[in-house]
Amino acid sequence: MAQVIEELKNAIINGNPDQALTWAKKAIEMKMNPIEVIEKGLNEALKIVGDAFGRGELFLCDLMMSAEAAKQASSILEEEIKKQGLGMKTIATLVIGTVAGDIHDIGKTLVATLFTAAGFKVIDLGIDVPTEQFIKAVKDYKPDLLGLSALLTVTALEQGKVIEALNKEGLRNSVKVMVGGGAVSREYAKKIGADGYGEDANEAVKVGKELLKL
Amino acid sequence: MALEGHMCKKPLEILSEEEVKAIHEGSLKVLEETGVVFDHEEALNILKKAGCNVDFEKKLVKFPKSLVEDSLHKCPKSFLLKSRNPKYTLELGGSRVYFASFPAGSVLDEETCLRRPGTLKDVEDFVTLLDALPEVHTLCQPLSKIADKHPLIAMEWIIATEMKITEKTLMGPSFFGCAKWIVKMAKALGQDMLGSITMASPLTYPKEQVEGLISYAQANNPLAILSGPSLGATGPATLAGALLLENAEVLAGLVLAQLIKPNIGILLQAYATPLDMRYGTMSSGAVEVGIMAVGIAQVWRSYGVPTGVFFPMTDSKLPDEQAAYEKYLQLLLCALAGINYIMPCGGLENEESQSIAQIVIDNEVCGMVGRILDGIKVNEETLAIDLIKEVGPIPGNYLKKQHTRDWWKKERYLSKLSTREPYEKWLSSGAKDVVKRALEIGKEIIKAHKPPGLSKELNEKLDEILKMAEKEKGVS
């Protein structure tokens, strides 16, 4: 069993989605506890990769491939958790998306990946996400953190609109809001009433954890 | 008559003929088999009517090879970008090389060396400086964001401010629906804009950019169609793959433009930049940016379409040695490659900040690079065989000769910025480095230079258009 976990970890660290899927299947065949496989295999591997990226030893494309490998494995492991009626433990939940009118994907996905690596449950709403969809996601998933990404000056205004809408819906105190992206500065984040800002993906995770006192 | 600029008689080449052909044919294959998204209903209809295979649900357009080749034939080999003062009209294409200014998102405060948000006053100062500098042949807005106008209307204000100050030709962006208003302003002044269309890699034309393309083309303004895949992120990590994608992407826009306005002048513009996999930032100062420029210029020259780049750039945060080596390696490569429209003047930190000192230094280097392009003039008089005979060996010398007086200045680029004075003179005048000297020169120009400006009537006309734009966009 320990070997399966080790192989799965290696597949993720090496960024090999096919291998990751194979070893995840193997774990299920061997009737291993899927929650344990996620915690000891996936999350630990992602943490190793995330830390190595932070130290400049692994690169963005390595990190993205590792995330893809972990995603492949987690899709079938999560299915198994559901099938067995088990509950998954995560340290916190993040809902993230690029705001309306903005189709920039890469930065947002990187932040989502690093939060996953840090043990968060991440719900990625994608790009060009309308304000109403963010609000609905906050109601549905009750996340601890909401991440709003924008690359353009005009779409950065949408971040402010999402925060206003949270206020109007009485949801503002239920969630910490973080903003980021090319058009956003520390000052701007403060101005629109966000709780946190990260200049890059690593800082975003650090700030997110601080906000949640993790 | 057009502004002289510089001439590149023998463009530098980096690809073989077969390699150029491989990139061309690969681009056609991508256009035919993978296709390009146009987020614009009318554009999809136009492309469908012209024989493209259009999936309206995915907004995906696949281009038959023959349509792309026909569209390339419709592009003029060169075209005029008309100024309201004919002295500044550009003739883009052929061997001519022009230098333009580069945009930025904020201002580098020269005292604190920190970024700060720009204002309309900063735009005025930068444009006044750019108007005065002789190697700035044409302008792209020096700031693309300002803090004292709503972001939805900032671009219209920035462009109007340029128009109110300088008679040099201008680039017109397409962000946030500004093209429509910029076209109106240019028409009121009787000048062309170089309509800038910025597609989004990979293979996507956002709605506002298609709207811009249509606005500029319908008003008969020439276009600069720009693609900038980021190697390893929004394009392949290989230089050849990035060039192939970049080429396919601009060709898609070129086809649409030629359908909307046959024979319209088009400049293809490159901005392929590697992603730095360590930080997730763009490495806009990378030397590969310059190498790729030489390659793509060859491909576009093979089409007979005018060429442009959206750089030189640097990732340096200050006007320092890194800014110099990154920008000027790219600049020299682009100029030697005979690229018609190069943007070296201003800009630091990958479009993030604008600096007076940097603009002054860039202008100076453009003069030197222009001098490189001018080359060595060889004729009877310059070979000076008779003069050499006349002077003979030592104690003969050339200082007291009319030939020297006639020629020394014509043959030299005389730098006003570099320190050439003897050591003690340099010490006694403050022992300043080039950045300090450039800043002083720049500030002095901004204070003293009187740009041509606009008549009161035309000024008011622009204000009227700005008011209409604000009203329609519901901001002020």
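Helices (H or I, at least four residues) and strands (E, at least two) are DSSP runs here, numbered from the N terminus. This is a predicted model, where local features need pLDDT of at least 70, side-chain atom pairs count only at pLDDT 80 or more, and totals for chains, interfaces and linings use all residues. Residues are numbered from 1 along each chain as its sequence is written.

You'll find nine helices and five strands, running α-α-α-α-β-α-β-α-β-α-β-α-β-α along the sequence. Now colour by burial: 50% of the 214 residues are buried, meaning under 20% relative accessible area with a 1.4 Å probe, protein chains only.

Next stop, the second largest pocket. A pocket is an open set of points on a 1 Å grid over the protein atoms alone, where a 1.4 Å probe fits, with protein on both sides within 12 Å along at least five of seven lines; lining residues have an atom within 4 Å of a point. This one holds about 950 Å³ of space, a volume being the space filled by probe spheres set on the points. Select Lys71(A), Ser74(A), Glu78(A), Thr116(A) and Val122(A), the closest to the centre among 28 lining residues.

Then show helix 4 (60–83) of chain A, which gives the most to this lining, with ten residues.

Terms used
Chains lettered and ligands numbered in written order. Heavy atoms only, no water.
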